[in-house]
Amino acid sequence: MAIQENGNGGVMKYRRMDSDGMEEDAGVLCEEKRNESSRKYVLVCAIFASLNSVLLGYDVGVMSGAIIFIQQDLKITEVQEEVLVGILSIVSLLGSLAGGKMSDAIGRKWTMAFAAILFQSGALIMSLAPDFKVLMIGRFLAGIGIGFGIMIAPVYIAEISPAVARGSFTSFPEIFINLGILLGYVSNYVFSGLSPHINWRIMLGVGILPSVFIGIALFVIPESPRWLVMKNRIDEARLVLLKTNEDANEVEERLAEIQQAAGHVNAEKYEEKAVWRELLNPSPGVRRMLITGCGIQCFQQVTGIDATVYYSPTIFKDAGIKGNTQLLAATVAVGFTKTIFILIAIILIDKVGRKPLLYVSTIGMTTCLFCLGFTLSLMGNGSVGIKLAILCVCGNVAFFSMGIGPICWVLTSEIFPLRLRAQASALGAVGSRVSSGVVAMSFLSISRMITVGGTFFVFAAISALSVAFVHNCVPETKGKSLEEIEMLFQNDRPPQHGGELELEDVKNLMQTQRKGHIIS
């Protein structure tokens with residue numbers, strides 16, 4: 001059968017629509033449907049795997065306001081306030097350290113389930129706590145659960161996602177952390193009008209609700225195909241790859257690559273003791289991986305983001321805002337900003353790459369932190385100072401959320417070889433949690449010694465160092481498979497000379513953002 005079509009210049013063209021052509025079109029249509037189905041499946045898996053991150057974000061956000069009323073109700077001291085806020089990050093390192101070994105033993109999926117159970121138990125105890133000691137017990141359990149959750153979610157998503165979209169999907173935990181922070185801020189504002197004996201308990205208790213969705217997730221998401229290969233469950237891994245891979249013809253090729261990366265043939269070489277021995281006495285390539293992965297995790301926290309989030313009411317109070325309701329309303333603006341800009345990162349991370357976003361993020365944070373220190377130190381408590389303080393805090397969390405916040409977790413989940421990934425990611429998470437805990441547990445004391453403004457000058461100096469770290473130690477991993485990324489670090493030359501994008505690419509990123517009117 002022939003169909004008449006209009007060609008260029010009025011010339012009539014004919015396209016033959018015989019049975020072979022119809023079959024070819026039908027095949028293309030089926031392939032497109034299969035690709036769309038694969039993308040949706042991976043998207044659902046990434047969302048469900050990130051639900052634990054909502055719990056972490058909610059705890060961070062809600063504690064910033066709840067601590068005001070806990071202090072009034074339980075009569076805790078300033079030191080106890082610092083310990084209560086910061087201890088969650090410190091004890092979470094126990095979960096992060098154990099998470100690598102547990103995820104290799106029982107799987108990525110069930111490690112996430114265990115993390116949720118621990119956190120929910122801790123949240124319940126905290127919401128019912130009659131005194132500071134019981135509150136700390138609940139905080140301890142919640143912290144261990146968070147340690148498990150923040151370590152395993154990015155690993156799972158990186159292992160299940162196709163390379164072309166891995167950056168976006170692996171950023172999902174950071175999106176959900178920001179969503180949780182925003183929900184925590186909103187919860188603070190909504191319940192702040194209740195009695196101080198009741199409101200903080202409701203604020204903390206609301207964090208139990210996501211456990212329902214986490215329970216549903218266990219019946220939806222599959223196990224990581226790379227973990228299944230490690231356990232010699234090849235057929236099950238193939239079935240998962242068939243669901244998550246857009247091109248069915250590449251499944252066998254990807255499976256062979258995973259088997260080779262996992263050292264499937266010589267699996268006995270990579271027993272648990274051998275893994276830790278390799279991490280503690282690394283080869284030059286593994287050493288570069290550890291410097292990049294652990295370094296970016298530490299810089300993510302020592303630049304003061306948790307101090308900004310946990311103690312935002314303290315910052316705004318120092319700027320001149322009075323009244324608990326007004327303070328908590330200002331924090332909601334911070335939460336909205338943080339959530340909106342993480343979405344920008346998701347859009348850009350697999351388009352412009354990791355490194356340009358890191359440059360924009362770290363340079364922008366350095367500028368905002370310095371301006372915040374200047375504002376709090378020299379602008380006084382007038383309306384101009386208040387507006388500038390809110391602007392600087394929102395700017396800081398915006399630059400954090402569009403760069404080092406999500407990319408930190410993307411990098412640590414994709415740069416390590418499979419045999420080391422779980423334990424090495426656990427080490428990175430430990431560095432992050434220790435840094436976060438040190439900042440959270442010392443912010444009030446340091447601010448008392450050198451003022452709140454002086455503390456942010458220190459954060460600005462550290463943030464400036466992070467720019468140099470990104471330039472020298474972080475390679476570009478956009479669009480590469482996990483196995484290809486491993487080879488970047490195995491070369492004799494340092495990874496920063498491996499052909500990735502450099503500082504001049506920031507100009508292209510800025511032009512892209514201006515053209516797309518992404519940032520108003």
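In which helix of the protein is confidence lowest, and in which is it highest?

**View 1. Confidence across the predicted model.** Confidence is lowest in helix α23 (residues 505-515), with a mean of 47, and highest in helix α18 (residues 354-378), at 93. The score is pLDDT, the predictor's confidence in each residue, from 0 to 100. The protein averages a pLDDT of 79, and 82% of the residues score at least 70. Over residues 1-15 the pLDDT is below 50, and this stretch has 20 contacts in the model beyond near neighbours in sequence. Residues 264-270 also have a pLDDT below 50, with 10 contacts beyond near neighbours in sequence. Contact means heavy atoms within 4.5 Å. Where pLDDT is low, the predicted coordinates should not be read in detail. Helices are DSSP runs (H or I, at least four residues), numbered from the N terminus.

This is a predicted model, where local features need pLDDT of at least 70, side-chain atom pairs count only at pLDDT 80 or more, and totals for chains, interfaces and linings use all residues. Residues are numbered from 1 along each chain as its sequence is written, and side-chain values use heavy atoms, with hydrogens and water left out.

**View 2. Helix α2 against helix α4.** The axes of α2 (residues 51-74) and α4 (residues 108-128) come within 10 Å and cross at roughly 30°. Axes are lines fitted to C-alpha atoms, for helices over the stretch in contact, and angles run from 0 to 180 degrees between N-to-C directions. The crossing angle makes α2 roughly parallel to α4. Angles under 35 degrees count as roughly parallel, over 145 as roughly antiparallel, 65 to 115 as roughly perpendicular and the rest as oblique. The crossing is left-handed: the near helix is turned anticlockwise from the far one by less than a right angle, whereas clockwise would be right-handed. From α2 come Asn-52, Leu-55 and Asp-59; from α4 come Met-112, Ala-115, Ala-116, Phe-119, Gln-120 and Met-126. Six of these contact residues are nonpolar, two polar and one charged. Ala, Val, Leu, Ile, Met, Phe, Trp, Tyr, Cys and Pro count as nonpolar, Asp, Glu, Lys and Arg as charged, and the others, Gly among them, as polar.

**View 3. Asp-59 in helix α2.** Asp-59 sits in α2. Asp-59 counts as buried because its relative accessibility is 3%. Buried means under 20% relative accessible area, exposed over 50%, partly exposed in between (1.4 Å probe, protein chains only). Leaving aside neighbours within four places in sequence, Asp-59 touches Leu-88, Phe-119, Met-126, Arg-139 and Tyr-310.

**View 4. Lys-75 in a loop.** Lys-75 lies in the loop between α2 and α3 (78-106). Its phi is near 60°, a positive value in a residue other than glycine. At 65% relative accessibility, Lys-75 counts as exposed.

**View 5. Helix α16 against helix α21.** α16 (residues 312-319) and α21 (residues 418-473) pack at about 55°, with axes 12 Å apart. The two helices are therefore oblique to each other. Their crossing is right-handed. Thr-314, Ile-315 and Asp-318 of α16 meet Phe-443, Leu-444, Val-452 and Phe-456 of α21. By class, this contact has five nonpolar, one polar and one charged residues.

**View 6. Val-302 in helix α14.** Val-302 belongs to α14 (residues 284-302). With 25% relative accessibility, Val-302 counts as partly exposed. Beyond neighbours within four places in sequence, Val-302 contacts Ser-435, Val-439, Phe-459 and Ile-462.
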